[in-house]
Amino acid sequence: MAWSAIAAPQPAPVSDIAARLAGDLPGLMALAKVPGLAIAVIDNGRVAWSKSFGVMRAGSPEPVTETTRFEAASLSKPVTAYVALQLVDASRLALDTPLAHYMKYADLPADPRAATITARHVLSHTTGFPNWRRRDPLRLFFTPGERFSYSGEGYVYLQRVIEAITGDTLEAAARRLVFEPLAMTRTSFINDGAAMPSRHTEIGTPLDIGPAPTAQNAAASLVTTASDYARFVAAALGGERLQPATARMMLTPQVQLEGCVMCTTEQRAERSRDLAWGLGWGLEETSAGRVAWHWGDNSGFKNYVAVLLPAKRGFVYFTNGDNGLALRDHILSRVLPGSHPASQLLDYKQLPPGV
């Protein structure tokens, strides 16, 4: 099992936490101008509580429900990592074999260093790629493995390799290895056009930017519910469907962070002792123990997940507002009290303490 065996202080009962969240969140959402939210709390490695709040679209009475699907944004990445690690355990993918061994990727730059990029580099965000290239050709900003810089482009490269190895689309591979085994019945890497919450701006007004893209993207296209994703988190961090050594490695620091997220042009002399990246997960060291965390940030959808590994306790929440991550520290304080170095790394504006 991947859950840490380190003893942790006795946490508050989930019933108390749930009552506080249920009482607090509607008011906090109103202050942050976040129309809709869905949350699930994990305790002892299982989904212990879930609830939805608010509406699908500002000015509409249609409520967010337990079955409402949100854009997971970058919370797609841990799911892709889980697929890749199962392929590692099946000896179909090796963490330290260059991905170029498995397929020819047409977008790979001519830079000879690109031929050395591995799955470990992708999952630990040490490829040297930018997050997204926009309209520019893909390029390397540093030698793979040298340091951390968050990259969606790396995950797209890994997606192509997964598809080449399995002969399936990413959606089909994830359905076989993740969604069906974990009963994630409302989760997909493809937005099929079914009704989803509207996006909203920071001031809570609908943000109509046209239909969501339907292309599969390992880094960003997952659609899911809070309960489905919490089941995934509990299973993945609990080491289900992974060999014990692989599960441990997933939650072992592969690279220490340097106080930046997009670090293509920024390099600091000292690396953090408290912040690292594992294989698919951010890792922070807190007074209570190691926390696995990640965030999602698509236009109009903001999401967060954090789990204290020794206590097997954490949460995931999804919102349909650009201010959704302003709720992060309040939710952390209720579910996982204490300091969280990742909150300082991801410098999203927060509601004032004590509101």
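This is a predicted model: local features need pLDDT of at least 70, side-chain atom pairs count only at pLDDT 80 or more; totals for chains, interfaces and linings use all residues.
I started at V305, which sits in strand β9. Helices here are DSSP runs of H or I with at least four residues, strands are runs of E with at least two, and both are numbered from the N terminus. V305 counts as buried, at 0% relative accessibility. My cut-offs for that: buried is under 20% relative accessible area, exposed is over 50%, and partly exposed is in between, with a 1.4 Å probe and protein chains only. I also looked up V305 against I331: the two are 26 residues apart along the chain, and their C-alpha atoms are separated by 10 Å.

Residues are numbered from 1 along each chain as its sequence is written, and side-chain values use heavy atoms, with hydrogens and water left out.

**Rings**

Next I went through the aromatic pairs. I describe a pair of aromatic rings by the distance of the centres and the angle of the planes. The rule takes rings of Phe, Tyr and Trp (its six-membered ring) with centres within 6.5 Å; planes under 30 degrees apart are stacked, over 60 edge-to-face, and the rest tilted. That gives a count of 16 aromatic pairs.

I picked W277 and W293, an edge-to-face pair with 5.4 Å centre to centre and 75° between the planes. W277 belongs to strand β6 (residues 275-277) and W293 to strand β8 (residues 289-298), so this pair ties together parts that are 16 residues apart in sequence. Both W277 and W293 are buried.

W293 also pairs with Y304, this time stacked, at 6.5 Å centre to centre and 20° between the planes. Here the link runs from W293 in strand β8 to Y304 in strand β9 (residues 301-308), 11 residues apart. Y304 is buried, as is W293.

I then checked for charges over rings, which requires NZ of Lys or CZ of Arg within 6 Å of the ring centre and within 35 degrees of the ring normal. R328 lies over the face of Y304, 5.9 Å from the ring centre. K51 does likewise over F53, at 5.8 Å from the ring centre.

**Cavity**

K51 turned up again when I searched for cavities, as one of the lining residues. On a 1 Å grid over the protein atoms alone, a cavity is a set of points where a 1.4 Å probe fits but cannot get out, and lining residues have an atom within 4 Å of a point. Points are joined across faces, edges and corners, and the volume is the space filled by probe spheres set on them.

The largest cavity holds about 40 Å³ of space. Its lining is A38, I39, S50, K51, T65, E66, T225, A226 and S227. Elements giving two or more residues to this lining are β1 (36-43), β2 (46-54) and α6 (226-237).

By class, I find three nonpolar, four polar and two charged residues in the lining. (Ala, Val, Leu, Ile, Met, Phe, Trp, Tyr, Cys and Pro are nonpolar; Asp, Glu, Lys and Arg are charged; the others, Gly among them, are polar.)

**Helix α5**

Which residues of α5 are buried? I get L170, E171, A173, A174, L177, V178 and F179. The helix (residues 170-179) is mostly covered, with seven of its 10 residues buried. These cover an arc of only 155° around the axis, which puts them on the same side of α5. The arc is that of the directions from the helix axis to the C-beta atoms.

**Positive phi**

Most residues other than glycine have a negative phi. H125 is not a glycine, yet its phi is positive, about 55°. H125 lies in the loop between α3 and α4 (152-166) and is buried, with a relative accessible area of 0%.

A183 is another non-glycine with a positive phi, near 55°. I place A183 in the loop between α5 and β4 (223-224); A183 is partly exposed, at a relative accessible area of 42%.

How values were computed
On a 1 Å grid over the protein atoms alone, a cavity is a set of points where a 1.4 Å probe fits but cannot get out, and a pocket is an open set with protein on both sides within 12 Å along at least five of seven lines; lining residues have an atom within 4 Å of a point.
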